[in-house]
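Q: I have a new structure on screen. Can you show me how to read its helices and sheets?

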Amino acid sequence: MTTHQDPSPRAPHQVLDGADIARVVTRIAHEIVERAKGAEDVVLLGIHTRGVHLARRLRDRLAQITGREIPLGTLDITMYRDDLRLKPARALEHTEIPVGGIDGKLVILVDDVLFSGRTIRAALDALGDIGRPRAVQLAVLVDRGHRELPIRADYVGKNLPTSLREAVQVRLADTDGVDAVLVGDRDHNQRSSQALTEPHLPE
């Protein structure tokens, strides 16, 4: 009798390397300057954790392009998440708003991966408690699809079609020692470990 078995889990493979990420940040910076007509009233807010590191890199590129220092802040969305009760407790991060505030400014939220849209919804709720921007835009390194809310990014480094069984891993030198984006099966590590420990059954 023939039995149907799940395909072997796909190990993570690299889709962006450090040079790719650097080019993406540079391109997004140029797009911001073009769309914001010089980025004179732009404020960058990085969403913890990797969104903060990307926002800093974006700030540096914008400074090179415009010759001006772009205000940069950080945003902690932990207490605004709608899955707070469903996941283990997590440490609160630091929300830091630039000295000039965000009222009347063009605020650009920066994050690493756009998925369901729930993280950005939480960020918008957090932003509403801080001030009243002129407009809010979103810049992400990767858009992997599967939106659950009507949210889209204004600036996208790479559109990366994925299945729900896949996981997207963004690694940045600031926290991970290397710049890379990887895609692989979400349960690869678990299933690979089981394959090593479970006895082989005859067909």
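Q: Which strands does helix α1 lie across, and how is α1 turned against β6?
A: To place a helix on a sheet, list the strands it crosses, then take an angle. In this predicted model, helix α1 (residues 18–35) lies across β2, β4 (106–114), β5 (135–143) and β6. Its direction makes about 150 degrees with β6.

Q: In what order do the 5 strands of the open sheet stand, and is the pairing parallel or antiparallel?
A: The order here is β3-β2-β4-β5-β6, and the pairing is parallel. β3 (72–75) and β6 (155–159) each have a single partner strand, so one side of each has no neighbour in the sheet. From one strand to the next, the twist averages 25 degrees.

Q: How many bridges join β2 and β3?
A: Bridges show how two strands line up. Strand β2 (residues 42–47) pairs with β3 over 4 bridges, in the parallel sense.

Q: What is the order of the open sheet of 3 strands?
A: Again, go from neighbour to neighbour. The order is β1-β8-β7, with antiparallel pairing. β1 (13–16) and β7 (166–171) are the edge strands, each pairing on one side only. Direction ignored, neighbouring strands are turned by 30 degrees against each other on average.

Q: Over how many bridges do β7 and β8 pair?
A: Strand β8 spans residues 180–185 and pairs with β7 over 6 bridges, in the antiparallel sense. Within this pairing, Val170 stands opposite Val181 in β8. Helix α1 packs on this sheet too, touching β1, β7 and β8. The direction of α1 makes about 30 degrees with that of β1.

Q: How many helices and strands does the protein chain have, and in what order do they run?
A: Count the elements, then walk the chain. There are 5 helices and 8 strands. From the N terminus the elements run β-α-β-α-β-β-α-β-β-β-α-β-α.

Q: What share of the residues is buried?
A: Of the 203 residues in the protein chain, 42% are buried. The accessible surface comes to about 11700 Å², and carbon and sulfur atoms hold 50% of it.

Q: What share of the contacts joins residues 24 or more positions apart?
A: Take the contacts with a separation of 6 or more. Residues 24 or more positions apart account for 70% of them.

Terms used. Residues numbered from 1 in each chain as written. Predicted model: local features only at pLDDT ≥ 70, side-chain atom pairs only at ≥ 80, totals over all residues. Heavy atoms only, no water. Buried < 20%, exposed > 50% of the residue type's maximum accessible area, 1.4 Å probe, protein only. Contact = heavy atoms within 4.5 Å. Areas by Shrake-Rupley, 256 points an atom, 1.4 Å probe, with all protein chains shown as cover. Pairing = 2+ DSSP bridges. Axes fitted to C-alpha atoms, helices over the stretch in contact; angles between N-to-C directions.
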